[in-house]
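Here is a quick tour for anyone meeting this structure for the first time. Have the model open as you read, and follow along from stop to stop.

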Amino acid sequence: MPAHSPPDDAPRPPRSLRSPTAVVHLEYDSTSPPPPPSPEWTRFVCISDTHSRMVHVPPGDVLLHSGDLTAMGTYADFQRTMDWLCDLPHRTKIIIAGNHDLPLDYHDDWYVKNYDRWHGVSKQSIGLIQDLIQGRRAAKSGIVYLEDDHYEFCAKPDGRKWTVYGSPWSPYFHNWAFNYQRGEEAEKLMAAVPKTDILLTHTPPHDILDKTTVGNEHVGCEALAARLPALRPRLHVFGHIHEDHGAVLREWPAPGSPSGAPLPDEGDAVAAGAASSRDAEQTVFVNAANWPMGPRACRPGGGRVQFGEAPFQPVIVDLLDDA
Ligand SMILES: [Zn+2]
């Protein structure tokens, strides 16, 4: 047995989740992905942490990328990523940055003050990079870059409107891009997040698909987790903690229960086939990181799982339009 193989009795996460208003596919045949339940559903394909690598992405109505578009934020890194994203067939592609997308963090001149740590004397052109992600070619290809901003779109011609909010920030980690301090700074940032159908953040919320292999710690954002009962998005996509790639489906307490009720814990996740009412408010949480890391990054027979290969495939989320 190779040294890093997971033990045979390691629990395997489910390959799909199902409720009356959401269907999630975590592992599937990429040459023939399962179809959406009916035309009354919208297909969201969730990816993250692709770090300038191209992964095989199934078709769908909307592509969502939760940050770390690049390896180290050079112009060449962004060019590779944007060439790939522009060619993907999805009508709408919503993207955010992550802590590796260094030049995009111009807040308080962060990149200008810190670029030499990664880029030496080769300071990258912020303007040229912004043109790659927000210029005419990106816009023509359906790409929308969100940075602490929201957007409204129809996923299908004459279809319903969806709202989305995107935030590139993550809790402080060795002064990478878009870092904030836990506590007051985090709370201020999260208080500004509005209620939308879809939420994209680079960081996971605390205690949801945020566990590191090294240290076995939950490192997601506490302030984001505390904000979620008020936001209740139908879909929340994040990445950052590559090794905890996966999805859970949670049902919120019915209206009338005390406000600010804590998030149901993982044991209350709606599992495949579990009874749940169509009226109950639910959130599909997806850690969409495609960079294989942790015990699951080793193939059972030996060798490494490739970028975006099962069990680190793009996550397919089908949502019923009228819910
Ligand atoms: Zn990453």
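## A question to start with

Is Asp-108 buried or exposed? Before the answer, one thing to keep in mind: what you see is a predicted model. With a relative accessible area of 67%, Asp-108 is exposed, since anything over 50% gets that label.

You can find Asp-108 in the loop that runs between β5 (92-95) and α2 (110-114). Its backbone is worth a look too: phi is near 50°, a positive value in a residue that isn't glycine.

## The chain as a whole

Step back and take in the whole chain. It has seven helices and 15 strands. Of its 323 residues, 52% count as buried.

Now for how the chain meets itself. Take the contacts with a separation of 6 or more: 70% of them are between residues 24 or more positions apart.

## The zinc site

Next stop, the zinc ion. Which protein atoms are its donors? They come from Asp-49 (OD), His-51 (NE2), Asp-68 (OD) and His-242 (NE2), and they lie 2.1 to 2.5 Å from the zinc ion. Along the chain these donors follow the spacing D-x1-H-x16-D-x173-H. Asp-49 belongs to the loop between β3 (41-47) and β4 (62-65), while Asp-68 belongs to the loop between β4 and α1 (75-87), so the two of them tie together parts that are 19 residues apart in sequence.

## A pocket and a cavity

Let's look at some open space. The second largest pocket holds about 510 Å³. Its lining is made up of 21 residues, and the ones nearest its centre are Phe-173, Thr-212, His-240, Ile-241 and Glu-243. Sorted by class, that lining has 11 nonpolar, six polar and four charged residues.

There are also two cavities of 30 Å³ or more. The second largest cavity has about 30 Å³ of space, and it is lined by Asp-148, Tyr-165, Ser-167, Leu-189, Met-190 and Val-193. β8 (161-167) and α6 (184-191) each supply at least two residues of this lining. By class, the cavity lining splits into four nonpolar residues, one polar and one charged.

## Between β11 and α7

Now head for the loop between β11 (198-201) and α7 (222-231), where Asp-207 lies. Asp-207 isn't a glycine, yet its phi is positive, about 80°. It is partly exposed, with a relative accessible area of 40%.

His-218 is found in the loop between β11 and α7 as well, and at 35% relative accessibility it counts as partly exposed. What does His-218 touch, leaving aside residues up to four places away in sequence? The list is His-206, Asp-207, Asp-210 and Lys-211. His-218 and Ile-208 are 10 residues apart in sequence, and their C-alpha atoms are 8.0 Å apart in space.

Carry on into α7 itself. Its buried residues are Ala-223, Leu-224, Ala-225, Leu-228, Pro-229 and Leu-231. In an α-helix there are 3.6 residues a turn, so residues three or four places apart point the same way. The buried residues of α7 pack against α6, β11, β12 (235-238) and β14.

## One last bond

Which two residues does a cis peptide bond join? They are Ala-310 and Pro-311, and omega there is about 5°. To find the spot, look in the loop between β14 (282-287) and β15 (315-320), where Pro-311 lies.

Note on methods:
Residues are numbered from 1 along each chain as its sequence is written. This is a predicted model: local features need pLDDT of at least 70, side-chain atom pairs count only at pLDDT 80 or more; totals for chains, interfaces and linings use all residues. Side-chain values use heavy atoms; hydrogens and water are left out. On a 1 Å grid over the protein atoms alone, a cavity is a set of points where a 1.4 Å probe fits but cannot get out, and a pocket is an open set with protein on both sides within 12 Å along at least five of seven lines; lining residues have an atom within 4 Å of a point. Grid points are joined across faces, edges and corners, and a volume is the space filled by probe spheres set on the points. Ala, Val, Leu, Ile, Met, Phe, Trp, Tyr, Cys and Pro count as nonpolar, Asp, Glu, Lys and Arg as charged, and the others, Gly among them, as polar. Donors are N, O and S atoms within 2.8 Å of the metal (3.2 Å for Na, K and Ca); water is not among the atoms, so sites may look incomplete. Helices (H or I, at least four residues) and strands (E, at least two) are DSSP runs, numbered from the N terminus. Buried means under 20% relative accessible area, exposed over 50%, partly exposed in between (1.4 Å probe, protein chains only). Contact means heavy atoms within 4.5 Å.
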